[in-house]
Amino acid sequence: MRFRRLKLTGFKSFVEPADLRIEPGLTGVVGPNGCGKSNLLEALRWVMGEGSPKSLRGGGMEDVIFAGTAQRPPRDFAEVSLLVESSADGESEVTRRIERGAGSAYRIDGRDVRQKDVALLFADAATGAHSPALVSQNRIGALISAKPAERRAMLEEAAGIAGLHVRRKDAEQKLRATETNLQRLDELLGDQE
Ligand code: ATP
């Protein structure tokens, strides 16, 4: 999977719409302290389905929305779109939007989808929000000091099998529901005899 384009509006310090083309090869982001380099990486993680506000540097979910400055009022929403290209599915645009008081929602090519659908799309391509392909400042230290279970999760993501865990959980839930139905059916049949 290849990232082609990242569009941001109202996300953290990116109050004005920003449209970044991501060219083939290695991408580096350079600029003075506080200019928003980390915010770009956080926008990538966020649109890829990052659920935990803790792993983004803000506190609550809505902290990703431009909070305002002395000169500019805060925004009511933040939106990030990522255009990706994969050999299997061609081009798709994943969009996540959050509005104050209304939570966040996802779209793939304009269709409303669940967080899980977005997470699976990236997990299958081994580029999930926690992917080792995205290296932020404190990541190397975190990898070294990670507990074995955490390190295993990182390796599974790198190997592209993280999505299998989500599917297994789904399948187990369906199995349990079916077992309950079968039990109920047995009881009903028993009543009829
Ligand atoms: P450094 O090199 O020092 O880590 P950086 O280039 O990575 O800096 P970021 O950390 O991405 O910079 O950007 C920090 C800036 O983003 C700060 O000026 C901060 O005030 C601003 N910022 C973060 N969240 C918001 C928000 N919700 N609303 C407005 N501004 C925000």
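Which residues does UniProt list for "binding site"? I looked this up before turning to the coordinates. The unreviewed entry gives P32, N33, G34, C35, G36, K37, S38 and N39 under that feature. I note that UniProt positions are given in the numbering used here, that feature names are shortened, and that annotations may be inferred rather than shown by experiment.

**Basis of the model.** Residues are numbered from 1 along each chain as its sequence is written. I am working with a predicted model, in which local features need pLDDT of at least 70, side-chain atom pairs count only at pLDDT 80 or more, and totals for chains, interfaces and linings use all residues. I recorded an average pLDDT (the predictor's confidence in each residue, from 0 to 100) of 85 for the protein, with 84% of the residues at 70 or above. For the complex, the predictor gives an ipTM of 0.91 and a pTM of 0.72.

**Ligand shell.** I found 14 residues around the ligand (C-beta atom, placed from the backbone, within 6 Å of it), and S13, N33, K37, S38 and N39 come nearest. By class, the shell holds 4 nonpolar, 7 polar and 3 charged residues. Here Ala, Val, Leu, Ile, Met, Phe, Trp, Tyr, Cys and Pro count as nonpolar, Asp, Glu, Lys and Arg as charged, and the others, Gly among them, as polar.

**Two listed positions.** I located P32 in the loop between β2 (18–21) and α1 (37–47), and S38 in helix α1. Helices (H or I, at least four residues) and strands (E, at least two) are DSSP runs, numbered from the N terminus. P32 is exposed because 7 other C-beta atoms lie within 10 Å; S38, with 16, is partly exposed. The cut-offs are 20 or more other C-beta atoms within 10 Å for buried, 12 or fewer for exposed, and partly exposed in between, with C-beta atoms placed from the backbone.

I counted 5 helices and 6 strands, in the order β-β-α-β-β-β-β-α-α-α-α from the N terminus. Of the protein's 193 residues, 23% are buried.

**V80.** Which residues is V80 in contact with, leaving aside its neighbours within four places in sequence? I listed K7, L8, F11, A43, W46, V47 and R96, a contact being two C-beta atoms, placed from the backbone, within 7 Å.
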